[in-house]
Amino acid sequence: MPPALARPTLSQLYARHAARWHHSITHLGYPEAYALLAETDMAARQRPPRYVLDAGCGSGAFAEQVVARGSTPTHLTLLDPSQEMLEQARKREWRETPDTVSGRLEDISALPRLYDTVLCAHVLEHTADLETSMNQLAQALTPGGSLLLAVSKPHWCTALLRWRWGHKAYRPEDICAALARAGLTGINAIRFVKGPPSRTSCGYRAVKPV
Ligand SMILES: C[S@@+](CC[C@H](N)C(=O)[O-])C[C@H]1O[C@@H](n2cnc3c(N)ncnc32)[C@H](O)[C@@H]1O
């Protein structure tokens with residue numbers, strides 16, 4: 001295929017859309033869906049998480065919702081393979097300057113610490129193997145730490161996303177089973193109640209046993 005007609009790679013697509021990403025997902029209501037996950041997590045834990053990792057952070061929308069609900073300083077690590085997305089994530093108004101790491105979910109075992117909360121929104125759709133990715137996310141947690149996920153589910157809207165962005169979609173029961181196989185407990189599928197997130201995605205919370 002001549003270069004002019006070749007489909008852009010995933011990293012080219014995200015680089016191209018990075019500058020508008022935050023505005024687009026805000027318009028579609030994704031930060032509200034992430035707020036629901038953050039509130040569910042905060043209600044279930046005894047104290048706010050100190051160390052938080054957002055794996056595949058994009059513009060930082062999910063981390064922003066979690067950090068906003070913590071009363072204590074949060075040490076936030078934002079990880080994404082896209083420099084353009086990380087640049088957008090740095091622009092959010094953080095109370096504490098986050099660490100930004102250029103990397104992939106597949107590399108998180110190389111990070112120097114474990115995290116009280118790991119966030120991962122709409123990234124498992126892009127990794128090669130759900131089982132491996134879930135184990136990597138679970139291994140990044142401290143004992144008692146929580147994993148918060150947002151993952152695309154089968155729906156005609158997600159079929160469009162697949163055509164455009166190559167997104168896979170997973171049935172909630174398959175995500176819950178994969179969380180259990182990764183050794184996590186307290187698994188909760190959290191339905192998003194309105195707007196596009198209610199059609200495209202489902203949220204999840206699970207905990208690493210102490
Ligand atoms: C659909 S966007 C979601 C971004 C953000 N989590 C949000 O909810 O707005 C997917 C993000 O995952 C990143 N990404 C793609 N492959 C990845 C991988 N293997 N590991 C980590 N991040 C990845 C992309 O660069 C992009 O920023």
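Student: How far is the sulfur of Cys176 from the closest cysteine sulfur?

Tutor: A disulfide calls for two cysteine sulfur atoms within 2.5 Å. In this predicted model, the sulfur of Cys176 lies 7.1 Å from that of Cys202, its closest cysteine sulfur, which is too far for a bond. Cys202 is accordingly in no disulfide, with the sulfur of Cys176 as its nearest, 7.1 Å away. The structure holds 0 disulfides.

Student: Is Cys202 buried or exposed?

Tutor: Burial is read from relative accessible area, with under 20% counted as buried. Cys202 has a relative accessible area of 3% and is therefore buried. Cys176, at 21% relative accessibility, counts as partly exposed.

Student: In what order do the strands of the open sheet stand?

Tutor: Strands of a sheet pair through backbone hydrogen bonds, either parallel or antiparallel. Here, 7 strands form an open sheet with mixed pairing, in the order E3-E2-E1-E4-E5-E7-E6. The edges are taken by strand E3 (99-102) and strand E6 (185-190); each has a single partner strand, so one side of each is left without a neighbour in the sheet. On average, neighbouring strands of this sheet are turned by 15 degrees against each other, direction ignored.

Student: Which pairings does E4 make, and over how many bridges?

Tutor: Strand E4 (residues 115-121) runs parallel to E5, and 6 bridges join the two. Within that pairing, Ala121 stands opposite Ala150 in E5. E4 also pairs with strand E1 (residues 51-55), in the parallel sense over 3 bridges. There, Val52 has Thr117 in E4 as its bridge partner.

Student: What unit do E4, helix H5 and E5 make?

Tutor: The handedness of such a unit is read from the path that leads from one strand over the helix to the other. E4, helix H5 (residues 130-139) and E5 make a right-handed β-α-β unit.

Student: How many residues of E7 are buried, and which lie on each side?

Tutor: A strand can be examined one face at a time. In E7, 7 of the 7 residues are buried, so E7 is largely enclosed by the rest of the structure. Both faces are covered: one side carries Ser201, Gly203, Arg205 and Val207, the other Cys202, Tyr204 and Ala206, and all are buried. E7 is also joined to E6, by 4 bridges, and these strands run antiparallel. In this pairing, Ala189 stands opposite Tyr204 in E7.

Student: At what angle do the axes of H5 and helix H7 cross?

Tutor: A helix pair is described by the approach of the axes, the angle and the hand of the crossing. The axes of H5 and helix H7 (residues 172-181) come within 9 Å and cross at roughly 55 degrees. H5 and H7 are therefore oblique to each other. Their crossing is right-handed.

Student: How do H1 and H4 cross?

Tutor: Angles under 35 degrees count as roughly parallel. The axes of helix H1 (residues 10-28) and helix H4 (residues 83-90) come within 8 Å and cross at roughly 15 degrees. This makes H1 roughly parallel to H4. The crossing of H1 and H4 is right-handed.

Student: Where are Tyr30 and His27, and is each buried or exposed?

Tutor: Tyr30 is found in helix H2 (residues 30-44) and is buried, with a relative accessible area of 10%. The C-alpha atoms of Tyr30 and Phe192 are separated by 9.4 Å, with the two residues 162 apart along the chain. His27 is placed in helix H1 and is exposed, at a relative accessible area of 67%. The C-alpha atoms of His27 and Gly60, 33 residues apart along the chain, are 15 Å from each other.

Key. Residues numbered from 1 in each chain as written. Predicted model: local features only at pLDDT ≥ 70, side-chain atom pairs only at ≥ 80, totals over all residues. Heavy atoms only, no water. Pairing = 2+ DSSP bridges. Buried < 20%, exposed > 50% of the residue type's maximum accessible area, 1.4 Å probe, protein only. Axes fitted to C-alpha atoms, helices over the stretch in contact; angles between N-to-C directions. Parallel < 35°, antiparallel > 145°, perpendicular 65-115°, else oblique. Left-handed = near helix turned anticlockwise from the far one by under 90°.
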